[in-house]
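Good morning, and thank you for coming. Please look at the sequence and the structure on the screen while I take you through some of the features.

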Amino acid sequence: MTQRIDKSLIAEQNAKLEGFLQEDYAALGNKLARDNINIEEITAKAAAFQIAVPSWGTGTGGTRFARFPGKSEPRNIFEKLEDCAVINDLSQCTERVSPHFPWDKVDDFTELKQTSDALGLKWDSINSNTFQDQPNQEHSFKYGSLSNTSEASRELAIQHNLDCIEWGKILGSKTLTVWVGDGSNHPGQQHFQSAFERYLNSMKKIYAGLPNDWEMHIEHKMFEPAFYSTVIQDWGSNILAAMELGDQAKSLVDLGHHAPNVNIEMIVSRLIQFKKLGGFHFNDSKYGDDDLDSGSLHPYQQFLIFNELVDAEYRNQEGFKPNYMLDQSHNVTDPIESLMNSAASVQRSYVSALLVDRSKLTEYQTNNDALMASNTLKNAFNIDVTPILAMARLQKGGAIDPIATYRKADYRTNIAAKRPSSGVSGSGIV
Ligand code: RM4
Ligand code: MN
Ligand code: MN
């Protein structure tokens, strides 16, 4: 039977902290009231916030040099779901899980759906994987998948995406996310235009198989595994492809997939303006696609992204309904802890952005008062919204302090007998 975090343990831990939380919450409520902000309204919005967890994030990650396995790692999608349920039990903002196929492929998808239902979890976007060959694969993806010069390889990649849609229908998903590693490692290796044309033709065949109420999210990435050029290199190629395909195709922004110092919040604004923002893969990075924990290095950038998102929410921007998800790799931490921390970090950015005085900001922008416009954002960012996040969790039956409660539960030790170590210490990005 599934091991969960005992509700009584959560209640017991919360009882120790609740008095202090109420004091801090009341103090913050008074402070916000001075600016005509009703803390209860903000808490309700925080409680409604959801961010999906990637199934592959529950395993310990690694690099191409090494992977150091963690204790009681999940060995299949059913065990990954158990870990996701633990994350949601404590965090109360991660009720959706995003699967990756064929990594998470099962024989019986109805059984998988029943398992997730029993755990109170739903399915987020389906991720297709055509960036590696499967055992005995007839036509290789070594030189690309949807853009491969070989028609047989392209057809295989198209079929895999169509299969993903069928599996997703059983699970109740409504989105297919397509990220391909296609590209080149040498100048001259690939004819840029022909490769993009082949990609688009393949994507059109997948798009034709998309149910009417589904979206297709295209994910760009500037490098890796191809290190000279990639077919969907940046948001420019991404939005071009999405526009070419149709209204159901949108762009997905993975924070780690841009050149260092790129103004991601402005990309987000452009995508919102043209109804092409599909969603996010949140993570943080210093050098490239480092897949560090969300908000661990650049919390202000994450806030600025949410400033754009909340702005669109307030303006009731047409076609605005982005999907939020984490996509990061945990090499030295317990993935459950990192995912809980990261979900809260993204939720924090959302809540902080709700505190921006938008009418003042507009006024300062109109009057070209750069300093006060900037201070308006900083003022909101500098408010510690921890009590709001904790209160939202408490009201929903989660933990005031998710990490401390998780450590107290000693989950990994309790399931150790059930999940013997795979002993696999080889390389692996995720
Ligand atoms: C890629 C990209 C995709 C993810 C794979 C595992 O870098 O971020 O979203 O599916 O990694
Ligand atoms: Mn990603
Ligand atoms: Mn990535």
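This is a predicted model: local features need pLDDT of at least 70, side-chain atom pairs count only at pLDDT 80 or more; totals for chains, interfaces and linings use all residues.

Which residue in β2 does Val53 stand opposite? The residue is Val97. Strands here are DSSP runs of E with at least two residues, helices are runs of H or I with at least four residues, and both are numbered from the N terminus.

Residues are numbered from 1 along each chain as its sequence is written, chains are lettered from A and ligands numbered from 1 in the order in which they are written, and side-chain values use heavy atoms, with hydrogens and water left out.

Let me return to the sheet. Strands β1, β2 and β4 form an open sheet in the order β1-β2-β4, with parallel pairing. At its edges stand β1 (53-54) and β4 (122-123); each has a single partner strand, so one side of each lacks a neighbour in the sheet. Between β1 and β2 (residues 96-98) there are two bridges, and two strands pair if DSSP finds at least two bridges between them.

I turn now to ligand 1. An oxygen atom of ligand 1 is 2.7 Å from an N or O atom in the side chain of His100. For the side chain of Lys221, the corresponding distance from an oxygen atom of the ligand to an N or O atom is 2.8 Å.

Next, consider His281, in strand β11 (residues 277-282). Is His281 buried or exposed? His281 is buried, because its relative accessibility is 2%; buried means under 20% relative accessible area, exposed over 50%, and partly exposed in between, with a 1.4 Å probe and protein chains only. The side chains of His281 and Asp327 are joined by a polar contact of 3.2 Å, that is, a pair of N or O atoms within 3.5 Å, where within protein one must be able to donate a hydrogen and the other to accept it, and residues adjacent in sequence count only if both atoms are side-chain atoms.

Finally, the backbone. The peptide bond from Phe101 to Pro102 is cis, with omega near 10°, and Pro102 lies in the loop between β3 (100-101) and α4 (109-118).
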